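I kept the entries in the order in which I went through them.

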Amino acid sequence: MKRITQLFITLGTFFLMTACGGGGSSDSYTANISVGSTSHVCKSEVAANLCKAGDCSQCQCLSGCPAAPGEAITLSCLFYDGIARVPSTGCTLATTPVRTLACSGTKLFILDGQGYTRTDVLQGTSFNGPQPYELFGFKFNCGA
């Protein structure tokens, strides 16, 4: 009987510690952070705080993520104070037709249409000069 009681106490303690986040791995912290049109999941409080401040490099991007090399650019261009910030990874502009943009340094590249990779866009029309660039009734700066 004593062994059965010890077994129940041990199992009960294990289940309580697991349910409360103790006794298992230290990976119990999870935070979902939205920055602009992107959504991230962060596995540490430090990473979550950095992501809230704009550096989400230590978190996993869930949606609205910049395209990886060779993937089609799907991230929408984000506007701050009336100026679109075009990242080097690229973004799309919801105009007719849709335009896909990317930067290389301070040089802006544009292709009409969507479904393009960064490599494709860097073969498109380029603009170089003082920023912000004014095109299609919008202003653009290179840099996210």
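Which hand does the link of C77 and C91 have, and how many degrees lie about the S-S bond? I read 85 degrees there, and the link is right-handed.

Before going on, I noted that this is a predicted model, in which local features need pLDDT of at least 70 and side-chain atom pairs count only at pLDDT 80 or more, while totals for chains, interfaces and linings use all residues. Residues are numbered from 1 along each chain as its sequence is written, and side-chain values use heavy atoms, with hydrogens and water left out.

**Entry: disulfides**

I took a disulfide to be a pair of cysteine sulfur atoms within 2.5 Å, and by this rule I count three disulfides.

I began with C77 and C91, which are joined with an S to S distance of 2.0 Å. C77 lies in the loop between β3 and β4 (78-80) and C91 in strand β6 (residues 91-93), so this pair ties together parts that are 14 residues apart in sequence.

I then turned to C42 and C59, whose disulfide has an S to S distance of 2.1 Å. C42 sits in strand β2 (residues 38-42) and C59 in the loop between α2 (45-52) and β3 (60-63), so the link ties together parts that are 17 residues apart in sequence. With 105 degrees about the S-S bond, the link of C42 and C59 is right-handed, and both of these cysteines are buried.

The remaining entry is C103 with C142, their sulfur atoms being 2.2 Å apart. I found the torsion about this S-S bond to be about -80 degrees, so the disulfide of C103 and C142 is left-handed. The pair links distant parts of the chain, with C103 in strand β7 and C142 in strand β11 (residues 138-142), 39 residues apart. Both C103 and C142 are buried.

**Entry: the charged pair**

Side chains of opposite charge can pair when their charged atoms come close. I looked for salt bridges, meaning a side-chain nitrogen of Lys or Arg within 4 Å of a carboxyl oxygen of Asp or Glu, and the structure holds one. R99 forms this salt bridge with D112, the closest N and O atoms being 3.1 Å apart. The pair links distant parts of the chain, R99 in strand β7 and D112 in strand β8 (residues 107-112), 13 residues apart.

**Entry: around R99 and T92**

Strand β7 covers residues 99-104. Leaving out residues up to four places away in sequence, I see R99 touching, among others, C91, T92 and F136, where contact means heavy atoms within 4.5 Å.

T92 has its place in strand β6 and is buried, with a relative accessible area of 13%. With the sequence neighbours up to four places away left out again, T92 touches residues including C77, V98 and R99.

Technical notes: Helix = DSSP H or I, 4+ residues; strand = E, 2+ residues; numbered from the N terminus. Buried < 20%, exposed > 50% of the residue type's maximum accessible area, 1.4 Å probe, protein only.
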